[in-house]
Structures are given as structure tokens and as C-alpha cells.
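Keep the sequence and the coordinates open as you read.

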Amino acid sequence: MVGHAGILWEVPLLNTVILLSSGATVTYAHHSLIQGNRAGVIYGLIATVALAAVFTGFQAFEYYNAPFTFSDGVYGSTFYMATGFHGIHVIVGTIFLTVGLFRALSYHLTDHHHLGFEQGILYWHFVDVVWLFLFISVYWWGG
């Protein structure tokens, strides 16, 4: 990682693109389910779960290479607390969507019977929106 100001245009921006792309793929999976396109549901969820795993991996990479620590002051403690809590929510959302994928593979979901899956999707969109707030406040404004 380069200095504090250069951090915005590296991993965090890439992670923003990855997470927003996962929002598009999970929306594709949801629309596919409503339209009866089982392959679209499965491929959309596989892509979403894969993007979530990549996001989590890049977040771990960023933590490992950060030029500051939790105890380096307000920015460090705020950074690790905010992005850490978000990371936990990403992992929980990934689990929700992985369960949805296995349910889709097992023919448990239909166009009229998918409430839990839909709630997982809404949770995932919430995770996306929170990341946008974090990206702006922690990386852009905070940097």
C-alpha cells in the first residue's frame, strides 16, 4: 500500500466495484427465480458468492498491508472497527446466499416460495449500501 492518501484508488475502490457487482449478480439471480430461469438463479448466486469471497479476501489483504494499526489513533481504530463490522456482515450475508444457492440446487425455491432467499438478498443490498457509506466516510473523506 502506498501512503494514506493513495489508499483510495487501490484495493478499496476495487472492493467497491466487486461488492456493487455482487449486488447486480444477486439481483439477476432474484429476477431469474421470479421468471423461472433456474440456471440464471444458480449462475447468479455462484457469481455473487464468488465475488463476496474475493471481497473478503481483498479486505484481509488490506488489513495485512495497512500502514497503520488499531492503536495508531482515531483513524486506525475507526477504520478497523467500521470495516471489521462490515466484514462480519459480509461473511454472514455470504452464508445466507450460500444457503440460498444450496436451496436452489435442491429445488427448494420457486417463484412464489422464496421468502428466506429474498430476505438474504435484501440483507446483501443493505451490506452494499453500508459499504458505500464506509467507502466515502473512511477512505475518501477520512483519507
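Tyr75 is partly exposed, with a relative accessible area of 21%; here buried means under 20% relative accessible area, exposed over 50%, and partly exposed in between, using a 1.4 Å probe and protein chains only. Bear in mind that this is a predicted model, where local features need pLDDT of at least 70, side-chain atom pairs count only at pLDDT 80 or more, and totals for chains, interfaces and linings use all residues. Residues are numbered from 1 along each chain as its sequence is written, and side-chain values use heavy atoms, with hydrogens and water left out.

Tyr75 belongs to helix α3, residues 74-105. Helices (H or I, at least four residues) and strands (E, at least two) are DSSP runs numbered from the N terminus. Back along the chain by 28 residues sits Ala47, and its C-alpha is 33 Å from that of Tyr75.

How far apart are the end C-alpha atoms of α3? They are separated by 46 Å, which agrees with the 46 Å that 32 residues should span at 1.5 Å a residue; the expected span is 1.5 Å times one less than the number of residues. After α3 comes Tyr107, with a positive phi near 60°.

Now for the rings. A pair of aromatic rings is described by the distance of the centres and the angle of the planes. Rings of Phe, Tyr and Trp (its six-membered ring) pair if their centres lie within 6.5 Å; planes under 30 degrees apart count as stacked, over 60 as edge-to-face and the rest as tilted. That rule gives twelve aromatic pairs. One of them is Tyr75 with Phe79, a stacked pair at 6.1 Å centre to centre and 25° between the planes. These two are four residues apart in helix α3, so about one helical turn separates them. Phe79 counts as buried because its relative accessibility is 0%.

Phe96 and Tyr123 make an edge-to-face pair, 5.1 Å centre to centre with 70° between the planes. Since Phe96 lies in helix α3 and Tyr123 in helix α4, this pair ties together parts that are 27 residues apart in sequence. Phe96 is partly exposed, with a relative accessible area of 40%. There is also an aromatic cluster, whose members include Phe55, Tyr75, Phe79, Trp131 and Phe135.

Helix α4 covers residues 115-141, and its 27 residues reach 38 Å from first C-alpha to last, close to the expected 39 Å. Look for a bend of about 25° at Phe135, taken as the angle between axes fitted to the seven residues ending there and the seven starting there.

Over in helix α1, residues 11-35, you'll find Asn15. Is Asn15 buried or exposed? Asn15 counts as buried, because its relative accessibility is 0%. A polar atom of the Asn15 side chain lies 3.4 Å from the backbone oxygen of Phe55. Beyond neighbours within four places in sequence, Asn15 is in contact (heavy atoms within 4.5 Å) with Val54, Phe55, Phe58, Gln59 and Trp131.

Stepping back, the protein chain has four helices and zero strands. Its C-alpha trace spans about 50 × 20 × 20 Å along the principal axes. Buried residues make up 41% of the 143 residues. Among contacts between residues at least 6 apart in sequence, 75% join residues at least 24 apart.

Terms used. A polar contact is a pair of N or O atoms within 3.5 Å; within protein, one must be able to donate a hydrogen and the other to accept it, and residues adjacent in sequence count only if both atoms are side-chain atoms.
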